[in-house]
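Please open the model in your viewer and keep the sequence panel beside it.

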Amino acid sequence: MLRRFAVLLLLSISLGCSAVQATEVRMDPEGNRNTEQPPIPGASKQRTKETKTTFDLKYDKIIDLLKTDRQLVAKIKKISAAYDIEPIHIIGALVGEHTYNVGAYDTLQTYYIKAAAYAGQSFRFAYDGETVDQFVSRPEFADCADLKDSAKLWTCREDVWQDKFQGKTVGGKSFPNNRFSAVFFQPFYAGQTFGLGQINPLTAMMLTDMVHQVSGYPKLDENDAASVYKAIMDPDVTLAYIAAITRKSIDDYKSIAGIDISNNPGITATLYNLGNSAGRAKVLARRNASGAFAWPEENYYGWLINDRLKELKGLL
């Protein structure tokens, strides 16, 4: 009960100043809005083709891992209770990631070994010789400086990147037309974010306060890139971050758009895949305020979860 209170208190603080606030909450109906699966991105198809496998084989592999590794399922149930979410949401995130983005390893132990390998690595989050810590010290980020909550702080910094730096030349230095996380938070190629939950380092930085408060794991530091990668690759820690992402998505949609998505794993899986739940909730809230009401809609990733929901729930 005390842990649940901590989660709700933290979220009420982080969401209390949302630009769009909902006054009425509606329960999102279960199931998919689309009768057929939305298109799968070409990049996902290409990655799967390059590894000489198929989506069906990758799906079967993660299902087999979840069926045979009862320790993992027990961990999922325990961490879900800590963040006051249903475990099917974590199952959905794992199945979606390992079907469309990477393939599951044979055992959970493989993930622990890979995480440990990063502990002694020496690398940093930077772009063109400028560390991310130096970058966010630029005057353009002054409005973010007083924000204490990690979710608000890094969301503010990401917004400044998009508004003032992405695809622009500033002070004689040109910046790529790419996401903040891709430019500054991937010291290797994109595939090096391998981990059970495929957590983006920037997403982990945003949610480190919640994970620290609820699960007690150390707060992450952008100046210690190896520890960030180790955390998101360690199965125990990454499960906490998956739960935190889901918890935040549910509360963003409830407080901002007035829609309770806690009974629709396809929507939480979609948001896990796409990110920026607060921004998407605001877009939906504005849309609904201006005309006919619309429910959140699943993408290809979330559609699969709802379509296979009976099987996935059977894993629990």
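Is C144 buried or exposed? C144 is buried, with a relative accessible area of 1%, where buried means under 20% relative accessible area and exposed over 50%, with partly exposed in between (1.4 Å probe, protein chains only). Before going on, note that this is a predicted model, in which local features need pLDDT of at least 70 and side-chain atom pairs count only at pLDDT 80 or more, while totals for chains, interfaces and linings use all residues. Residues are numbered from 1 along each chain as its sequence is written, and side-chain values use heavy atoms, with hydrogens and water left out.

**First selection: C144 and C156**

The angle about the S-S bond is -80°, and the link is left-handed. C156 is also buried, with a relative accessible area of 16%.

Begin at N200, which caps the N-terminal end of α10 through a side-chain oxygen 2.7 Å from the backbone nitrogen of L202. Helix α10 (residues 201–215) spans only 18 Å between its end C-alpha atoms, whereas a straight helix of 15 residues would span 21 Å, the expected span being 1.5 Å times one less than the number of residues. Centre the view on L207, where α10 has a kink of about 55°, the bend being the angle between axes fitted to the seven residues ending at a residue and the seven starting there. Because 11 of its 15 residues are buried, α10 is largely enclosed by the rest of the structure; among them are P201, L207 and V214. Just after the helix, G216 takes a positive phi of about 80°.

Helix α14 has 14 residues and reaches 20 Å from its first C-alpha to its last, close to the 20 Å expected. S277, A278, A281, L284, A285 and N288 are buried in α14. Seen down the helix axis, these buried residues fall within an arc of 125°, so they line one face of α14, the arc being that of the directions from the axis to the C-beta atoms. On the other side of α14, R287 and S290 are exposed.

Terms used
Helices (H or I, at least four residues) and strands (E, at least two) are DSSP runs, numbered from the N terminus. A polar contact is a pair of N or O atoms within 3.5 Å; within protein, one must be able to donate a hydrogen and the other to accept it, and residues adjacent in sequence count only if both atoms are side-chain atoms. A disulfide is a pair of cysteine sulfur atoms within 2.5 Å.
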